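Subject: Structure for you to look at

Hello,

Here is the structure I said I would pass on. Please look through it first; my notes follow below.

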Amino acid sequence: QIPGTDHLNVGDVIEIHIPLTTGMGSDIDSGGLDKYLSGKYLISKIRHKITGGITGSPYASILRISKDTSII
C-alpha cells in the first residue's frame, strides 16, 4: 500500500529500494540496500482505496507486485 497515485498502471515496472534491516557497521552506515528484496517489480494488480469519502480527501493505492528474480 502506497499513498494514492494515478500515474501507475498494470504492467508498469517499478524500482523499490529496501534498506538492510540487519547487520552492523558499514552496511547500515553507508545506507546499504538489501540486494535480495530491492530491485525491479512488475505491477500485476492495482486498486484504489478512498479513505475520507469527500472530494479532495486522501486515498491509497494498493499494489500487487511480482519481483524480477534475477540476482547478479
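**What was found**

I62 counts as buried because its relative accessibility is 18%, where buried means under 20% relative accessible area, exposed means over 50%, and partly exposed lies in between (1.4 Å probe, protein chains only). This is a predicted model, in which local features need pLDDT of at least 70 and side-chain atom pairs count only at pLDDT 80 or more, while totals for chains, interfaces and linings use all residues. Residues are numbered from 1 along each chain as its sequence is written, and side-chain values use heavy atoms, with hydrogens and water left out.

I62 lies in strand β4. K49, by contrast, belongs to strand β3 and is classed as partly exposed because its relative accessibility is 41%. Of the 72 residues in the protein, 18% are buried.

As for the fold, the protein has one helix and four strands; helices (H or I, at least four residues) and strands (E, at least two) are DSSP runs, numbered from the N terminus. Read from the N terminus, the order of elements is β-β-α-β-β.

The four strands make an open, antiparallel sheet ordered β1-β4-β3-β2. At its edges are β1 (2-3) and β2 (13-16), each of which pairs on one side only. Two strands count as paired if DSSP finds at least two bridges between them. Nine bridges join β3 to β4 (residues 59-67) in the antiparallel sense, and I46 has L63 of β4 as its bridge partner. β2 and β3 are also antiparallel, with four bridges; here I14 is partnered by Y41 in β3. Y41 also stands opposite K67 in β4.

Finally, the surface carries a patch of positive charge formed by K45, R47, K49 and R64. Strand β3 (residues 39-50) is the main contributor, giving three residues. Patches are made of residues with over 30% relative accessible area and no salt bridge, with like charges joined within 9 Å and nonpolar side chains (Val, Leu, Ile, Met, Phe, Trp, Tyr) within 5 Å. A salt bridge is a side-chain nitrogen of Lys or Arg within 4 Å of a carboxyl oxygen of Asp or Glu. Lys and Arg count as positive.

Regards

Definitions and conventions. Accessible areas come from the Shrake-Rupley method with a 1.4 Å probe; for residues, only the protein chains shown count as cover. The place of a charge is taken as NZ of Lys, CZ of Arg, CG of Asp or CD of Glu.
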